[in-house]
Amino acid sequence: AGAGAPAATGTPWPATGTILHASRDPNASISAVWYADAMDKVFRSSQPAQPEPSRPPTPTPTTVVMAAARGERQPFQLVLSCTQPVGNVSVRPVRQRGIAAIDVRRVAYTHIEFPVNEANRTGLFPDPLPVEHKSMLAVGANPFWITVQVSNSSSTPSVARARLLVERGGDGPVIRIDLAIKIHDFAIPDIRHASQQSLTSFNQE
């Protein structure tokens, strides 16, 4: 790795709620940026993890450590917590060595009037993934769906790197989040031969 490159130490995949950036300005409209797993539902009321009072403070990480095979796509969520509505926000990917593509989509919400079962909830539910170059963020948690595709080349380095820049249309500081992807020593084939079936059921009551 070159000088200034983010470290790729630690176990891949942070815990959901891990804070990647915390503003020191108490009046900042974007108070925190945090990680969420792709399997987690992030609601407006979702909060990042808070340190235990009995433990000494630890430095806030700015690097998301991941792991993938060559040619693999790996998703996760980058969540922006806002203290007030913020317009003209974008999450801009910067590809570096070993990355084939990075797709960024805002996680939108659908209003659910009737729960499908007792385990579900009503109100705003995260589901659609629209493509937006600039987003209007609401008060609370605002997740972005990030999909990183690793290069399938045999020359892919053992650690691929990329960067996400959270910008406000030239207004305000840029928040930088680095990605470090540890590459497994095998590749995902371009042509898949496995079939897939899905079953959808509806409650008629």
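How do β1 and strand β2 pair, and over how many bridges? I looked this up in a predicted model. The two strands run antiparallel to each other, and three bridges join them. I picked out one partner pair: His 21 sits across from Val 33 in β2.

**Sheet.** Next I followed the whole sheet. It is open and has five strands, in the order β1-β2-β4-β10-β6. The pairing is antiparallel. I noted β1 (19-22) and β6 (99-106) as the edge strands, since each pairs on one side only. Neighbouring strands are turned by 20° against each other on average, direction ignored.

**Salt bridges.** I counted five salt bridges. Side chains of opposite charge can pair when their charged atoms come close.

I checked Arg 106 and Glu 132 among them; their N to O distance is 2.6 Å. Glu 132 lies in the loop between β8 and β9 and Arg 106 in strand β6, so this pair ties together parts 26 residues apart in sequence. Arg 106 is buried at 18% relative accessible area, whereas Glu 132 is partly exposed at 31%.

Arg 105 bridges to Asp 103, with the closest N and O atoms 2.8 Å apart. Arg 105 is partly exposed at 29%. Asp 103 is partly exposed too, at 31%.

I also found a network linking Arg 163, Arg 176 and Asp 178. Arg 176 meets Asp 178 at 3.6 Å, N to O. Arg 176 is partly exposed at 44%, but Asp 178 is buried at 3%.

**Pocket.** Last, I looked at the second largest pocket. Its volume is about 230 Å³. The lining includes His 21, Ile 30 and Arg 168. By class, I noted six nonpolar, three polar and three charged residues.

Technical notes: Residues numbered from 1 in each chain as written. Predicted model: local features only at pLDDT ≥ 70, side-chain atom pairs only at ≥ 80, totals over all residues. Heavy atoms only, no water. 1 Å grid on protein atoms, 1.4 Å probe; cavity = no way out; pocket = protein on both sides within 12 Å on 5 of 7 lines; lining within 4 Å. Points joined across faces, edges and corners; volume = space filled by probe spheres on them. Nonpolar A, V, L, I, M, F, W, Y, C, P; charged D, E, K, R; others polar. Pairing = 2+ DSSP bridges. Helix = DSSP H or I, 4+ residues; strand = E, 2+ residues; numbered from the N terminus. Axes fitted to C-alpha atoms, helices over the stretch in contact; angles between N-to-C directions. Salt bridge = Lys/Arg side-chain N within 4 Å of Asp/Glu carboxyl O. Buried < 20%, exposed > 50% of the residue type's maximum accessible area, 1.4 Å probe, protein only.
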